[in-house]
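Please look over the model displayed below before reading the numbered points.

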Amino acid sequence: APTADDTTDTVVICGTSELIDDVLLTVYKDTTNSRVIIETTGAADLWFAYGFGSSVMNGAFAVVKHTADSELTTNFFTLNKSTGNVAVTPTADTSVTSDGTTAINTVTMAYDAGSFDFTDFLT
């Protein structure tokens, strides 16, 4: 994933936020390829998630970094408190890397990857 030093005229930081438990969220847009790059950095031994598209959890598009079968992985959901969360499969490239202490979760996807449309947020 790009870093602040790697940004160019076509890959720019849209926003950063430090979330709970020292999780850093950075959102980039790649204007050349119309893609969003979402990167979170946090403790490798904890799960963390972030949501888009809603000011409350219900209805949000959620990205979750967690451990499954001893492997760090990424899952996507549409959150719904009435009927239960719905797993979704956007067209996205994901990677989770770790040095044993810190994990970096990177999701790269089109502005509209089918499960959530970032177009209004990024343009």
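1. Strands (E, at least two residues) are DSSP runs, numbered from the N terminus. The model is predicted: local features need pLDDT of at least 70, side-chain atom pairs count only at pLDDT 80 or more, and totals for chains, interfaces and linings use all residues. Residues are numbered from 1 along each chain as its sequence is written, and side-chain values use heavy atoms, with hydrogens and water left out.

2. On a 1 Å grid over the protein atoms alone, a pocket is an open set of points where a 1.4 Å probe fits, with protein on both sides within 12 Å along at least five of seven lines; lining residues have an atom within 4 Å of a point. A volume is the space filled by probe spheres set on the points, which are joined across faces, edges and corners.

3. The largest pocket has a volume of about 230 Å³. Strand β4 (48-52) contributes three residues to its lining, the most of any element, and β5 (61-68) supplies at least two. Among the lining residues are Trp47, Tyr50, Met57 and Phe77.

4. The second largest pocket holds about 150 Å³. Its lining includes Leu19, Asp21, Val23 and Phe48.

5. Asp21 also has a positive phi of about 60 degrees, although it is not a glycine. Most residues other than glycine have a negative phi. Asp21 lies in the loop between β1 (11-19) and β2 (23-30). Is Asp21 buried or exposed? Asp21 is exposed, with a relative accessible area of 56%, because exposed means over 50% (1.4 Å probe, protein chains only) and buried under 20%.

How values were computed: Helices (H or I, at least four residues) and strands (E, at least two) are DSSP runs, numbered from the N terminus.
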